[in-house]
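Visitor: I would like a close look at one part of this model, with the terms spelled out along the way.

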Amino acid sequence: MESFQEDFLQQEHFILRLQAYWWFLESLEVEWEADPLVIRLLSCGSAPSFSPSYTWPDSVSTCDTFLERGIIQASAGNNLMVNRLKELDQCFFVLFVSLLCSLKLRMGDPVQLKDEGNKHFQAGDIDKAIECYTNALKDCMDKKGQAVIYRNRSACYLKKESYANAVSDASKAIDEDASDIKALFRRCQALEKLGKLDLAFKDVQRCATIEPKNKTFLETLRRLGAEIQAKLKTTFSTDSRVQNMFDILLDDEMDKEKKEKAANNLIVLSREDAGAERIFQNNGVALLLNMVETGKPEMILAAVRALSGMCTGHKARAMAIVDMVGVDKLCSIMALDNEEIALAACNLFQCINDSLTGGDTREYGKEASLVLDASKDLKTILLALLEMIANKRVSGHGRDQALNLLTKNVPRKDMKERDHSRTLFTIDHGLKKILKVCGQVPELPDQLPLTENTQLIASVLLNKLYDDLKCDPERANFKEICDEYVKSKIDPNNMDKTLHAISTISGLLQGPFEVGNSLVGQQGVMEMMVALCGSERDVDQMVAVEALIHASTKISRASFFITNGVSLLKDIYKKTKSERIKIRALVGLCKLGSAGGDDYSLRQFAEGSTEKLAKQCRKWLCNPQIDSKTRKWAIEGLAYLTNDADVKDDFVEDELAMKAMFELAKSRDKTILYAVACTLVNCTNSYDKKEIIPEMVQLAKFSKQHVPEQHPKDKKDFIEKRVKRLLKAGVVSALAVMVKADSAILTNQTKEMLARVFLALAEDPRDRGTIVAQGGGKALIPLALEGTEKGKVKASYALAKIAAVSNPEIAFPGERVYEVIRPLVSLLQTDKEGAENYEALRGLTNLSGFSEKLRIKLVKEKALPEIENHMFEENEKIRLAATECMCNLVTCKEVQARYVEDGNDKLKLLVLLCGEDDEKLQIAAAGGLAMITAAEKKLCTKMTHVTVQWLEILQKLCLHTNPSIQHRGLVIVFNMLSSDDFELAKKLIESEMLEILSVIGKAEDNPKRQDPIDVARTCLVKAMDLGLIKPFTSPS
């Protein structure tokens, strides 16, 4: 050791070498704690100055003393570490061993970690168990020990329904011990859940071989065998059915009826995962393409719908179909001039998009690496859709669906998402193409094929793209592209090109108004619009008037037009002979006349002028000889004019006009939806109203500020009469059709307005039956699930009102009733108004009393905590509604389990509510307590511990004058006597309860109070059976 001292300890670089060992220790990922001596040694810059309290001989002595003991301890703690260190220089190894000893290594104990994992698993804390097992695997070097830990973690993954991980861990355990019966059976269970029945069968077969008398293994073996046979049978029969269907469909001589049946069967089969897979595996895609190539609409439709079923919820299959069919081929199908085929192709694209962007929730395990990145396919589809919208060979229906797909899938659905790259990409590659669609003038030659909806869908898309932008530079770029495009189209020498520019501005004004407004404000644009109004060509006047109408959307701009544009529109209205231009000019006047909204003091025109305009609009609306596109503008006019209460009253008095509007609302032209919704909102006064504070009104008058005035006909009784007339005219059936519109034109704002109308219609409970009869209940569900937050609340509120008083089977037939639960539960949140909480609780009470499935659904939607919170509510109505709802829910096993759990006051609250003075509340609380103590005997004993007042409350119930409350109290007493708790039964009988039971039981039969009398007698019989009382015998 002396030579060692001379050679190394006196050299400065020794410290650096020792530090390298320190870093090596850290790389082993073990927990350790350094001795102060070692810390000082490693932190010093050179050997001589490392510590005044230690001398070099002391350090060498430490090495000599700990050398032998250190090697032994290190070997016992970690053989791998010692083996790796033996390869190092012998001299440094000697010092390193002493360093190792001084570091007080604390290696994690894998056995202890495994035991902790077992405890967590037994307690039901699966996440903690997985964490312990994972840490144990890091420290465990024994292969047999690892196998046990892998097997245990496999059980955790089974509980978590992470079946691919369960298979992986069980397989690692089996690799170490092929006869590990627990690992084999766990892998069998996981494989079965993954649908790999053949592999699962092999595992349970090995289990049954090892333990041939195990009933669980034998039962699983039998069941899996039967399932495999059934699957094989189904597969072979499905394969033959698929082939038979294609043979029928592709046989030109086959009967038409048989072909239709085969097509329908093929579509149904494709919607089932197993059926879709069989079609795919049996060359189905190629055969479906053969059906498309026939050119027959019914064949194309069947093929596209079958492809949609095959692509739904299966990423790998969707990608394969896109590759086999080709995006261009899919676009060519959607481009056909057939509305039904275009819609089916649109649905196919949507199914593909959903599957590629997260709609596929299945676990692939190791096969996940085979499912390629879908971003390339998504980009190809996006580019193809952008190419479609400006392509002349695409039909109007195909263009509509391409725009609908872009509207639905490009902008972010949630503004909290950070990625909006699709929007930026669409603006860079497709904004000018969308503007081209907006600028089309169908009356001019050489225009793109359009439907009546196309340009409005394009405007909606522009608006959504603009709203999706995050910052000013992005918005400035959007405006710049629009500005360049419009300027490139303005040509004083080519009026058709100029019309295209003005029409483009109209499209922007209907979409991102800010962008369109900035273009209107540019020098020369307004002058050009005015000049076009004076043109001799009808088409020039029509385009210009429409642009003026859209430009006057904001009140500030409307005031400009009132002073400058009214005379111009009046002049056009009087001089033109074209009905189409005349009605547009009239709508412009209507819009300007309604600039003051429903403020009676801001009427823009002279008394009676708005009524005259409205009368002319109603006249055009009811004229069947005028085309629907022109009649649509009459509704546009009424949408503005119905801000005036006189116009509202006149309109609802005109039943023919209302029915004409409702018929148009049901037509294919969806551009009318917004105008109809606006008109109905105005007629029902379901728009937001500012609260008028009398003090603020006086202050405003004193300071000579404008004070809004309410029209006399906007009072409650007039509104109720208008609602009744609308219902009589069939407004609900029109609303139901409008809600079903599968188009981007049905915007979230339009949905909100429809929800407002429904809520106004449902105000009177007597009208709710009419709403249900005309399909209003079903129509409200999608409005409650999608749209603006305010719109969803309004629709949910209307749903709650209907659910509270209607038979669920009639109001929400079939599976729809389960969709009603979530919107109603959302109204229970504390940030909602008390009236909304109350109606939601009443609706849920009605639904929870209908079936056990609905009660389970309600529990799954996490409604219980909210209902329990409302049971503490100070508002008596809300507290009663919550208690009644809970009374219906206590029959559910999940709810009973929550009451049995320790550490909560649920049972205490129910008992205390029984002691309240409100009879309705007592009936609900006592009813719930009676049912839950009958179902869970433990609660009878628990009830005596939650409050010292239990006996007093129980006696109060049994002595109540209301037979319903008395009956419930006596049932609770009977449950306690029957609870298998003899001491509790004895305590009851020794109290005044025996006297109460005797008095009630001895009473004469009385039809009005017979139920309590019968239960009291039953309680006395039960007490005799328990030996607590003896039957009365007269002395001999």
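In which handedness of crossing does H44 pass H47?

Guide: H44 passes H47 in a left-handed crossing, a term used when the near helix is turned anticlockwise from the far one by less than a right angle, whereas clockwise would be right-handed. The model is predicted, so to speak of local features requires pLDDT of at least 70, side-chain atom pairs count only at pLDDT 80 or more, and totals for chains, interfaces and linings use all residues. Residues are numbered from 1 along each chain as its sequence is written, and side-chain values use heavy atoms, with hydrogens and water left out.

Helix H44 covers residues 789-805 and helix H47 residues 834-848, helices being DSSP runs (H or I, at least four residues) numbered from the N terminus. Their axes lie 7 Å apart at an angle of about 45 degrees; axes are lines fitted to C-alpha atoms over the stretch in contact, and angles run from 0 to 180 degrees between N-to-C directions. That angle makes H44 oblique to H47, the class left over once angles under 35 degrees (roughly parallel), over 145 (roughly antiparallel) and 65 to 115 (roughly perpendicular) are set aside.

On the H44 side, the contact (heavy atoms within 4.5 Å) is made by Val-793, Tyr-797, Ala-800, Lys-801, Ala-803, Ala-804 and Val-805, while H47 contributes Ala-835, Glu-836, Glu-839, Ala-840, Arg-842, Gly-843 and Asn-846. By class, these residues divide into 8 nonpolar, 2 polar and 4 charged, where Ala, Val, Leu, Ile, Met, Phe, Trp, Tyr, Cys and Pro count as nonpolar, Asp, Glu, Lys and Arg as charged, and the others, Gly among them, as polar.

For another helix pair, the axes of H9 (residues 143-159) and H10 (residues 163-176) come within 8 Å and cross at roughly 160 degrees, and H9 and H10 are therefore roughly antiparallel to each other.

How values were computed. Helix = DSSP H or I, 4+ residues; strand = E, 2+ residues; numbered from the N terminus.
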